[in-house]
Amino acid sequence: MAMPRPTAAQLAYGSCTVIFSTLAMLLLSQTSSAVGIAIIAVAALALGLLVAMTVPLSGKRPAAVEQPAPEEPVRASVPAPAPAPEPVRERAVS
């Protein structure tokens with residue numbers, strides 16, 4: 001089964017999360033070692049992936065499973081007899 005491609009919203013939210021969380025963690029930790037920066041970068045990537053995967057898909061909802069309508073039994077019907085024509089009434093000419 002092919003994996004679906006990410007939407008534009010997923011890419012945007014994930015990228016923004018990686019960038020802003022990396023900046024925030026670097027500023028708050030004030031680390032300057034390569035190991036600290038690498039740990040922060042990996043954590044930011046994981047957070048960005050988590051955010052991108054939890055963004056709801058726009059316009060795509062899970063398709064509701066359509067259940068077939070119950071079949072109605074076939075009823076034998078006899079056509080109704082045609083209405084009898086009314087007798088023609090003649091008017092007396094006076």
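These legends describe close-up views of a predicted protein model.

The model is predicted, so local features need pLDDT of at least 70 and side-chain atom pairs count only at pLDDT 80 or more, while totals for chains, interfaces and linings use all residues. Residues are numbered from 1 along each chain as its sequence is written, and side-chain values use heavy atoms, with hydrogens and water left out.

View 1. Helices (H or I, at least four residues) and strands (E, at least two) are DSSP runs, numbered from the N terminus. The protein has 94 residues, and 12% of them count as buried. Buried means under 20% relative accessible area, exposed means over 50%, and partly exposed lies in between (1.4 Å probe, protein chains only). The accessible surface comes to about 9,200 Å². Carbon and sulfur atoms hold 67% of that surface. Areas come from the Shrake-Rupley method with a 1.4 Å probe; for residues, only the protein chains shown count as cover.

**View 2. Thr17 sits in helix α1 (residues 8–29).** Thr17 is buried, at a relative accessible area of 17%. Beyond residues up to four places away in sequence, Thr17 touches Thr22, Leu47, Gly48 and Val51. Contact means heavy atoms within 4.5 Å.

**View 3. Ile19, Phe20 and Leu23 make a nonpolar surface patch.** The patch covers about 330 Å². Patch residues have over 30% relative accessible area and no salt bridge; nonpolar side chains (Val, Leu, Ile, Met, Phe, Trp, Tyr) are joined within 5 Å, like charges within 9 Å. A salt bridge puts a side-chain nitrogen of Lys or Arg within 4 Å of a carboxyl oxygen of Asp or Glu. Leu23 belongs to helix α1. Leu23 is partly exposed, with a relative accessible area of 47%.

**View 4. Helix α2 (residues 34–54) has 21 residues.** At 1.5 Å a residue, α2 should span 30 Å, and its end C-alpha atoms are 30 Å apart, which agrees. The expected span is 1.5 Å times one less than the number of residues.

**View 5. The buried residues of α2 are Gly36, Ile40, Ala44, Gly48 and Ala52.** They cover an arc of only 130° around the axis, so they lie on the same side of α2. The arc is that of the directions from the helix axis to the C-beta atoms. Their cover includes α1. Exposed residues on the other side of α2 include Val35, Ile39 and Met53.

**View 6. Gln30 lies in the loop between α1 and α2.** Gln30 has a positive phi of about 50°, although it is not a glycine. Most residues other than glycine have a negative phi. Gln30 is exposed, with a relative accessible area of 66%.
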